[in-house]
Amino acid sequence: LYRYVKRYFVYQHEMKEFSLSPFDLKGKILRIQAYPKSTEKSIIDLIPLDIELHPKSYTHYLSSLFVNGVYYVGIADKSLFFCPENAVYSTNKPTVSRAYYKIREVFERFPSLLDPSFKVIDVGAAPGGWTQYMSDHVSEVVAIDPAELKIDMKPNIKHLKMKAEEALPHLNPLSYDLVICDVNHDGKILFDILEVMRH
């Protein structure tokens with residue numbers, strides 16, 4: 001996935017104070033991915049001296065996202081994010097944008113994350129690549145974006161033509177199983193929006 005995504009976070013544990021106690025670090029070479037960047041040094045200081053850190057020759061990502069007084073921490077094998085060099089993905093299906101192939105690759109590699117019964121919110125949906133993919137694989141997609149969707153509006157697609165902040169009153173967050181987001185915005189603002197949708 002790295003050819004599409006430059007920063008990603010794996011979330012397995014929530015904690016008020018950062019700790020590595022839930023994780024087995026033995027034999028792992030870590031790359032640190034921290035947000036905000038200012039928390040990175042304190043995280044590195046907590047890593048045992050016998051655990052190697054390396055920005056390129058690593059075996060695992062250590063992700064830490066600190067928002068609203070909570071650390072969201074996870075560790076994942078590097079292989080989860082990289083396809084084999086010879087991997088070929090068909091592009092025969094007509095799509096509105098290459099974003100379709102990004103989201104398709106995610107769920108082809110992690111099929112357990114998606115279920116046909118799911119109701120999904122797509123934040124920053126235009127021109128519609130992610131919504132197009134989701135509409136073929138889940139029961140309902142609510143696409144949120146003030147811009148037009150340039151896709152076939154199937155019966156299971158609902159378009160809220162507004163910003164995500166404006167859409168919140170129109171949603172019953174407990175009715176949805178998954179939120180996907182492809183918006184170029186400040187990380188904390190997006191996190192706040194997604195947190196409201198999640199609860």
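Reader: What is included in the cover over the buried residues of helix H2?
Author: This is a predicted model, where local features need pLDDT of at least 70, side-chain atom pairs count only at pLDDT 80 or more, and totals for chains, interfaces and linings use all residues. Residues are numbered from 1 along each chain as its sequence is written, and side-chain values use heavy atoms, with hydrogens and water left out. In H2, the residues Ala99, Tyr100, Tyr101, Ile103, Arg104, Glu105 and Phe107 are buried (under 20% relative accessible area; exposed is over 50%, partly exposed in between, with a 1.4 Å probe and protein chains only). Their cover, judged by contact (heavy atoms within 4.5 Å), includes helix H3 (129-135) and S9.

Reader: Thanks! How many helices and strands does the protein chain have?
Author: Helices (H or I, at least four residues) and strands (E, at least two) are DSSP runs, numbered from the N terminus. Along the sequence they follow the pattern β-β-α-β-β-β-α-β-α-β-β-α-β-α. The count is 5 helices and 9 strands.

Reader: How much of the protein chain counts as buried?
Author: The chain has 199 residues. Among contacts with a separation of 6 or more, 55% come from residues 24 or more positions apart. The share of residues that count as buried is 42%.

Reader: Which strands are the edge strands of the open sheet of 4 strands?
Author: The order in this sheet is S8-S7-S6-S9, with parallel pairing (two strands pair if DSSP finds at least two bridges between them). An edge strand pairs on one side only.

Reader: How far from Asp145 is the nearest side chain of opposite charge?
Author: Asp145 sits in the loop between strand S7 (140-144) and strand S8 (157-160). Asp145 is buried yet has no salt bridge (a side-chain nitrogen of Lys or Arg within 4 Å of a carboxyl oxygen of Asp or Glu). Lys and Arg count as positive and Asp and Glu as negative, while His and the chain ends are not counted. The nearest side chain of opposite charge belongs to Lys161, at 9.1 Å.

Reader: Then which residue's backbone nitrogen does the side chain of Asp145 reach?
Author: Leaving aside neighbours within four places in sequence, the contacts of Asp145 include Gly124, Leu160 and Met162. At 3.1 Å, the side chain of Asp145 reaches the backbone nitrogen of Ala126.

Reader: Which residue forms a salt bridge with Glu148?
Author: Side chains of opposite charge can pair when their charged atoms come close. Glu148 is partly exposed at 47% relative accessible area, and the closest N and O atoms of the pair are 2.4 Å apart. Glu148 lies in the loop between S7 and S8 and its partner in the loop between S8 and helix H4 (164-167), so the pair ties together parts that are 13 residues apart in sequence. The partner is Lys161.

Reader: Where do Asp45 and Lys41 lie?
Author: These two residues form a salt bridge, with the closest N and O atoms 3.1 Å apart. Asp45 is exposed at 53% relative accessibility, and Lys41 is exposed at 58%. They are 4 residues apart, about one turn, and both lie in helix H1 (residues 40-46).

Reader: Is Glu40 buried or exposed?
Author: Glu40 forms a salt bridge with Lys37, the closest N and O atoms being 3.1 Å apart. Lys37 counts as exposed at 60% relative accessibility. Glu40, with a relative accessible area of 18%, is buried.

Reader: Last one: which side chain makes a polar contact with the side chain of Ser117?
Author: Ser117 lies in the loop between helix H2 (99-109) and strand S6 (119-123) and touches Ser139 and Asp177, not counting residues up to four places away in sequence. A polar contact is a pair of N or O atoms within 3.5 Å; within protein, one must be able to donate a hydrogen and the other to accept it, and residues adjacent in sequence count only if both atoms are side-chain atoms. At 2.6 Å, the side chain in question is that of Asp115.
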